[in-house]
Amino acid sequence: MNTLRCDRTHAWAGLRDHYETHGRRFDLREAFAGDPGRFDAFGIEAPGLFADLSKNRVDAATMKRLLDLASECRLAQRRDAMLAGAAINTTEDRAVLHTALRAPRGLGPYSDDVHNVLEAMLAYVESVRDTRASGIRHIVNIGIGGSDLGPQMAVPALEAFAHPELVFHFVSNVDGHDISAVLRHLPPAETLFVVASKTFTTQETMANAQAARAWFLAKGGTDVAKHFVATTTNVAAAAGFGIDKTFGFWDWVGGRYSLWSAIGLPIALAIGADNFRALLAGAHDMDRHFATAPLAKNLPVLLGLIDVWYRNFHGFTSRSVAPYHQGLERLPAYLQQLEMESNGKCVDLDGEPLPFATSPVVWGEPGTNGQHAYFQMLHQGTDVIPVEFLLVKHPTHELADQHAKLLANGLAQAQALMLGKHTSEAMAERAPTAAKSLAPEILARHRTFPGNRPSTTLLLDRLTPYSLGALVAMYEHRVFTSGALWGINSFDQWGVELGKALCNDLLPRLASGNTEGLDASTAGLMRRLLA
Ligand code: F6P
């Protein structure tokens with residue numbers, strides 16, 4: 001079998017020529033000067049958000065070739081296969097159906113199973129949120145990776161919708177510092193632990209869950225059944241741990257795609273049943289957009305295509321995400337798992353080594369903080385790093401003046417990256433803090449900005465459960481798009497297994513001191529740790 005993948009298409013060869021003759025020299029400033037309609041042509045309306053793609057190094061001709069690539073790679077058919085529940089995760093023989101988790105009852109595969117768990121979970125949520133009756137004030141989510149990052153990202157993002165008396169804590173790291181710092185301040189009688197693990201075998205989560213239970217009992221906690229709940233596909237293992245109350249999900253929900261399932265329990269506890277349903281509705285509307293919008297107006301498809309253009313033709317190695325909303329502080333971390341665990345692969349579906357690059361590094365910090373850290377490199381470093389700005393029109397706080405400053409900063413950064421500053425402009429300026437002793441021409445070179453640095457701006461009217469759901473689903477489908485073109489399995493994660501296995505080998509050695517058969521570096525480090 002020959003995987004249908006991007007480099008085996010006519011469009012790919014055409015794109016290579018197009019890059020050489022056109023793409024390599026593409027200049028955003030010239031593109032805007034030559035096309036007054038560019039903003040409108042590259043503005044995409046999608047559920048919950050508007051995307052300005054106009055500051056990307058593409059024009060109509062580039063997009064046409066990328067869309068041809070999508071059709072040669074049968075992107076629409078692959079999307080439909082995923083949505084219909086085909087076992088597209090071939091290395092684990094599993095369907096990939098996170099979209100079924102947010103479809104209304106009666107629509108999509110496994111609808112009854114999904115909605116039965118959802119209803120039970122949301123009824124439970126309301127009982128806990130009745131804090132006078134439940135006595136619960138603190139929720140501690142114990143999970144890692146996909147069993148942590150979704151809730152950890154969404155709960156602060158939706159803080160304006162959250163229950164005023166519930167305080168949320170997230171424990172993920174096997175490092176005892178993590179859970180110790182959280183437990184120190186908690187009253188056991190007012191604490192609910194959510195043990196979140198798809199497999200219920202993950203070392204970090206099991207260690208933290210055991211530590212939590214030991215702490216709870218040592219502090220005089222008596223009702224483990226009331227204070228511990230599990231979200232997992234492995235109900236038997238949760239019961240074995242001593243947890244009665246479990247909300248289940250299924251093997252066709254990937255960990256990094258699971259915030260819509262029972263793994264979203266902390267989100268639902270924070271924002272309540274109706275808001276959790278709104279989060280699902282936003283994601284479902286984005287699913288409909290992905291499933292039905294023409295590819296040329298399909299936001300996740302267009303972004304996925306531009307990602308391929310940047311990674312495989314321009315050779316950009318990373319993408320920076322800059323949410324201009326403090327509540328989205330953990331979005332970059334969430335997207336790191338979503339994109340890099342999905343598309344960080346080096347063989348195609350047939351196991352053939354890939355002759356081209358796959359996942360970029362995804363990284364970032366909220367604006368404006370990043371501006372005072374690494375934006376220097378974005379503006380004047382030797383690498384070109386596309387940036388994704390996320391702006392929210394209406395804040396949920398009252399500080400209108402600060403919000404205007406925030407928006408102005410976000411807009412200005414995207415503008416500066418694109419426009420840059422020519423040396424002649426720098427020469428013409430007075431820079432009060434610049435060295436007087438340096439020749440003006442030399443100084444001007446230091447104060448030159450190359451510009452032509454691409455960015456995408458995603459604009460949300462408000463950060464609500466609905467728009468957050470749509471935004472996250474958009475990212476999921478974008479990752480699907482680039483992964484499908486690359487011909488890889490975006491839904492397994494074998495790359496995390498080797499380290500786990502070696503850790504299991506090293507752990508008893510740390511107790512026994514046995515370094516036999518180890519490489520010299522690991523053995524040397526171990527001896528120093530044990531000395
Ligand atoms: O990092 C590997 C991984 O399997 C992720 O894909 C997953 O989200 C995480 O570990 C946690 O796994 P689990 O939910 O089974 O504890």
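1. A residue is called buried under 20% relative accessible area and exposed over 50%, with partly exposed in between. The structure discussed here is a predicted model, and the remarks below should be read as describing that model. Aspartate 80 has a relative accessibility of 39% and therefore counts as partly exposed. Its salt-bridge partner is arginine 79, with the closest N and O atoms 3.0 Å apart, and arginine 79, at 8% relative accessibility, counts as buried.

2. That pair belongs to a wider set, since side chains of opposite charge can pair when their charged atoms come close. The structure holds 28 salt bridges, among them one between lysine 55 and aspartate 52, whose closest N and O atoms are 3.8 Å apart. Lysine 55 and aspartate 52 are both buried, whereas in the pair described above aspartate 80 is partly exposed.

3. A further salt bridge links aspartate 492 to lysine 345, with 2.9 Å between the closest N and O atoms. Aspartate 492 sits in the loop between helix H20 (465-486) and H21, while lysine 345 sits in the loop between helix H15 (331-343) and strand E9 (361-363), so the pair ties together parts that are 147 residues apart in sequence. Both partners, aspartate 492 and lysine 345, are buried. Elsewhere, salt bridges with shared partners join Asp307, Arg319, Glu339, Glu388 and Arg478 into one network.

4. On the cysteines, a search of the whole structure finds 0 disulfides. For cysteine 6, the nearest cysteine sulfur is that of cysteine 73, at 5.8 Å, and cysteine 6 is in no disulfide; a disulfide would need the two sulfur atoms within 2.5 Å. Cysteine 6 counts as buried because its relative accessibility is 0%. Cysteine 346, by contrast, is exposed, with a relative accessible area of 59%, and its sulfur lies 15 Å from the closest cysteine sulfur, in cysteine 6, which is too far for a bond.

5. Which residues form a nonpolar patch on the surface? They are Leu507, Leu510, Leu529 and Leu530, which together have about 390 Å² of accessible area. Helix H21 (497-512) and helix H22 (520-530) each supply at least two residues of this nonpolar patch. Leucine 510 lies in helix H21 and, because its relative accessibility is 38%, counts as partly exposed.

Note on methods
Residues numbered from 1 in each chain as written. Predicted model: local features only at pLDDT ≥ 70, side-chain atom pairs only at ≥ 80, totals over all residues. Heavy atoms only, no water. Patch = residues over 30% accessible without salt bridge, like charges linked within 9 Å, V, L, I, M, F, W, Y side chains within 5 Å. Areas by Shrake-Rupley, 256 points an atom, 1.4 Å probe, with all protein chains shown as cover. Salt bridge = Lys/Arg side-chain N within 4 Å of Asp/Glu carboxyl O. Helix = DSSP H or I, 4+ residues; strand = E, 2+ residues; numbered from the N terminus. Buried < 20%, exposed > 50% of the residue type's maximum accessible area, 1.4 Å probe, protein only.
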